[in-house]
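This report goes through one protein model, part by part. Please keep the sequence and the structure in view while reading.

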Amino acid sequence: GAQGEAAVREFVASLTPTAQESQLNAWLEAGDEASLRQVLEVEPGHEQAVVGLAELLVAKDERDEALALLARIPESAETRRVAALARVGDEASAEADEIAGKLDALLERVKTDEDARQEYLDLLEVLGADEPRTAAYRRKLSAALF
């Protein structure tokens, strides 16, 4: 039904961002390390800022800090991708054919070696779902494990 003027004003006010939200958005848009750290000071579990900062840290080879940062928030496709980049390090920049060769070499060890299995999964993440060979390597992993 119809609402009074006070209710309408309150509703409209709730739609406009607060000064703090505007500042957070500005820092997120800047996307640099200092700005993302500012966001996390205000909102420690801000997912976009955590993932963005972790990605910057991986690029600076501060992988342990990136992984610790990602542990603050629930796992998602983005957190898995950035964590995989942090764990595989320089291999993340390898060509798809080089990654495929590494996956083939790891396949025989995945059943008995937890580190090999994690590296295999990380390399699949780096290879990406769009890479046609990813599905085949996932099937090979399943066959090797079961």
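Which residues in helix 6 are buried? They are Thr79, Val82, Ala83, Ala84, Leu85, Ala86 and Val88. The sections below start with the confidence of the model and then return to this helix and others.

## Confidence

The model is predicted. The mean pLDDT of the protein is 89, and 97% of its residues reach 70 or more. Confidence is lowest in helix 1, residues 5-15, where the mean is 80. Helix 5 has the highest confidence, at 96.

## Helix 6

Helix 6 is made of 12 residues. From its first C-alpha to its last it reaches 17 Å, which is close to the 16 Å expected at 1.5 Å a residue. The buried residues of helix 6 pack against helix 4, helix 5 and helix 8.

After helix 6 comes Gly89. The phi of Gly89 is positive, near 60 degrees.

## The nonpolar core

The largest nonpolar core contains 36 residues. Leu69, Leu70, Leu103 and Tyr120 are those with the most contacts inside this core. Several helices each supply at least two of its residues, among them helix 2 (19-30), helix 5 (63-70), helix 7 (96-107) and helix 9 (133-145). Helix 4 gives the most, with 7 residues.

Leu70 shows which parts of the chain meet here. Leaving aside neighbours within four places in sequence, Leu70 is in contact with Val50, Val51 and Ala54, and also with Thr79, Val82 and Ala83. Thr79, Val82 and Ala83 are among the buried residues of helix 6.

## Helix 3

In helix 3, the buried residues are Ser35, Leu36, Val39 and Leu40. Seen down the helix axis, these buried residues fall within an arc of 140 degrees, so they line one face of helix 3. The face turned away from the buried side carries the exposed residues Ala34 and Glu41. Helix 2, helix 4 and helix 5 are included in what covers the buried residues of helix 3.

The N-terminal end of helix 3 is capped by Asp32. A side-chain oxygen of Asp32 lies 3.2 Å from the backbone nitrogen of Ala34.

Is Leu56 buried or partly exposed? Leu56, which is found in helix 4, has a relative accessible area of 30% and is therefore partly exposed. Not counting residues up to four places away in sequence, Leu56 touches Gly31, Asp32, Glu33 and Leu36. Leu56 and Gly31 are 25 residues apart in sequence, and their C-alpha atoms are 9.2 Å apart in space.

His46 sits in the loop between helix 3 and helix 4. Why does His46 count as buried? The relative accessibility of His46 is 15%, and the cut-off for buried is under 20%. Leaving out residues up to four places away in sequence, His46 touches Leu28, Val39 and Leu40.

## A positive phi in a loop

Asp61 lies in the loop between helix 4 and helix 5. Asp61 is not a glycine, although its phi is positive, at about 65 degrees.

Technical notes:
Residues numbered from 1 in each chain as written. Heavy atoms only, no water. Core = buried A, V, L, I, M, F, W, Y, C linked by side-chain atoms within 4.5 Å. Buried < 20%, exposed > 50% of the residue type's maximum accessible area, 1.4 Å probe, protein only. Helix = DSSP H or I, 4+ residues; strand = E, 2+ residues; numbered from the N terminus. Contact = heavy atoms within 4.5 Å. Expected span 1.5 Å × (residues − 1). Arc of directions from axis to C-beta. Polar contact = N/O pair within 3.5 Å; in protein donor to acceptor, adjacent residues only side chain to side chain. pLDDT = per-residue confidence, 0-100.
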